[in-house]
Structure formats: structure tokens, C-alpha cells
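Please read the following notes alongside the structure. They go point by point, and each point takes up one topic.

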Amino acid sequence: MRTSSGHGGSASRTPVGDVCVPIRTDADVVAARSLGRSVAETHGFGGTDVTMIATAISELARNILKYADEGEIVVETVERNSQPGVSVVARDEGPGIPDVGLAMQDGFSTANSLGLGLPGTRRLMDEFEIVSSPGAGTVITAIKWLR
Amino acid sequence: MPVPILKQGDCLIASIQAALTDADLLDLRDQLSERVGRHRSRGVIVDVTVLDVLDSFASRMLRTIAEMMRLRGAETVIVGIQPEVAFSMVQLGLSLDGVTTVLDLEEGLAHLERSRRERVAYARG
């Protein structure tokens, strides 16, 4: 199942350099968000945006640990219609999300946590897309555009 | 990296120096719980000024610490949440309901001092 939000559109996204952090332990969560912060800062994002990106990375990395045990976070710079942005891709080969629509509702959780992870993370970013199905893992792509 | 915990009068000050892993946060919770008993502390300040991210786990742990300290008879004050961190927490839907938060360490110490005076005044009737 696929769900997305934001402006979307058919414009091409050209990666201009990326970094990949394997997520296996709680220390990797810190490493991933710190790395994402540097990528965003390097590409001209300001304090509030950088913090929102770092927080989103933290939540996505946390979800990988919680639901899939391991996976990876890829942070890359993207461009659409000359507008630069930072894309965060969280990828795992875990059990997948049976009902993405349900997982995106505030308050829903299967791991007895706050259940705010995905909808909250979507609010931190400009675009948010989940591709997941049971048994096939999960790929979440979240983008923030430089304003 | 363990968080240094300083004792000042009947207060403990946990002065976070760098980004914390989940394990560090759990360790901080346990250390504070033990030290509050050992020093008979009445107030605990957790200084998060250097933290550039407070995500769902960190927020939950701060609430847990505050509640545990309350059960142990001490009042917790979280100090130093940066403006962009506060903004991200709100966007994410996190709250520190029921936890006292003030601007910085100075305000935190002043808050605990006021609480101490109120306790003394109450004890004297």
C-alpha cells in the first residue's frame, strides 16, 4: 500500500550527494540524526528546519528499531524545479505495515508506544510517503524543501 | 556518555553535556532515582540546554524521571529546552504535561528555592 502527502508532482528529483547510516542500535539513532543535521546545515537550512529534520530522522530510525530490528536511513539532497531540499529515506525489511492508513492516524500504535511516530513525523516534513506491505518491509520517504 | 549529576544543597543538577542515546537516558533515570534517596534531595534539575533533539523517547523519559522523582519526594524541573526544539516537539505532538519546565538553570534554581521556602513556611504553620 502506498500513501503520500504534500505537493508531489512529476518534477524530477536529482540527488546531489547522499549519506547512508545503518540502524541497528540506539547509538545509530543518534548518529543518523546528527548526520542528517550536518547535511541540512551544509545545504543552507536554518535552525528550526534543521531541528525538525533531525527530529524526523530520530523518529524514523526509532521506528526501524522498534518494528524491524534493523534497517537504514539515507539522507540526501534533492532538487525539484531548482528548489533544493533534503530527503530522508528510512528503509527496512521488517514485517511491513498492514494498514498504512491506520498507522498514519494520531494515537495508533502496535508497539504500545505513544503512537505518534508517523503522523507526527509527517508534520515535521513537507512531503511524506510510505511504501509498505506485510512481509515486504517498509520504505518511508520524507522531504523538506529549502524555503 | 553518562550525565554528570551535581549536588547543590538539597538539589541535584543533571547537566547533560552531549547528545544522549536511549541507554544514556535510562541510566540517567536510574542514577537520579538512586541519588535522590542517597542525598535525600528535594529538588532535581535536568538541564537539556545542549540537546538539539527531544524526540518521543527522550520526552517520555523526562516525564518518567519527573514522575519517579515525585514518588521519591523530590520535585523535578526541566530547564533549557531550546526554541527550535520546543517547536519540533509541538509539531511532533509531544508534550511534557505535568512536568515543570523553565527557561534556564537560573530560573530552575529560583523555582526550587521558592518551593523550599513554601515547604518551610508550611511546616512552621
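1. Chain B has an average pLDDT of 95, and 100% of its residues score at least 70, where pLDDT is the predictor's confidence in each residue, from 0 to 100. For the model, ipTM is 0.92 and pTM is 0.89. This is a predicted model, in which local features need pLDDT of at least 70 and side-chain atom pairs count only at pLDDT 80 or more, while totals for chains, interfaces and linings use all residues. Residues are numbered from 1 along each chain as its sequence is written, and chains are lettered from A and ligands numbered from 1 in the order in which they are written.

2. Chain A contains 4 helices and 6 strands, with helices (H or I, at least four residues) and strands (E, at least two) taken as DSSP runs and numbered from the N terminus. Along the sequence their order is β-β-α-α-β-β-α-α-β-β. Of the 147 residues in chain A, 41% are buried; a residue is buried if 20 or more other C-beta atoms lie within 10 Å of its own, exposed if 12 or fewer, and partly exposed in between, with C-beta atoms placed from the backbone.

3. The contact between the chains takes 23 residues from chain A and 17 residues from chain B, two residues being in contact if their C-beta atoms, placed from the backbone, lie within 7 Å. On the side of chain A that touches chain B, helix 1 (26–42), helix 2 (47–68) and helix 4 (117–124) each supply at least two residues, and the largest share, 9 residues, comes from helix 2.

4. Helix 2 of chain A has 22 residues and reaches 31 Å from its first C-alpha to its last, close to the 32 Å expected at 1.5 Å a residue; the expected span is 1.5 Å times one less than the number of residues. Because 17 of its 22 residues are buried, helix 2 of chain A is largely enclosed by the rest of the structure.

5. What follows helix 2 of chain A? The next residue is A:Asp69, which has a positive phi near 70° although A:Asp69 is not a glycine. A:Asp69 lies in the loop between helix 2 and strand 3 (71–80) of chain A, and A:Asp69 is partly exposed, with 13 other C-beta atoms within 10 Å. A:Asn81, also not a glycine, has a positive phi of about 50°. A:Asn81 sits in the loop between strand 3 and strand 4 (83–92) of chain A and is exposed, with 8 other C-beta atoms within 10 Å.

6. In chain B, the axes of helix 1 (residues 22–39) and helix 2 (residues 56–71) come within 10 Å and cross at roughly 10°, the axes being lines fitted to C-alpha atoms over the stretch in contact, with angles from 0 to 180 degrees between N-to-C directions. This makes helix 1 of chain B roughly parallel to helix 2 of chain B, a description that applies to angles under 35 degrees. Among the residues that meet are B:Leu25, B:Leu32 and B:Val36 in helix 1 of chain B, and B:Phe57, B:Met61 and B:Ile65 in helix 2 of chain B.

7. The buried residues of helix 2 of chain B, including B:Phe57, B:Leu62 and B:Met69, pack against helix 2 and helix 4 of chain A together with helix 1, strand 3 (43–47), strand 4 (75–79) and helix 3 (83–92) of chain B. Helix 2 of chain B is followed by B:Gly73, whose phi is positive, near 90°.

Technical notes:
Angles under 35 degrees count as roughly parallel, over 145 as roughly antiparallel, 65 to 115 as roughly perpendicular and the rest as oblique.
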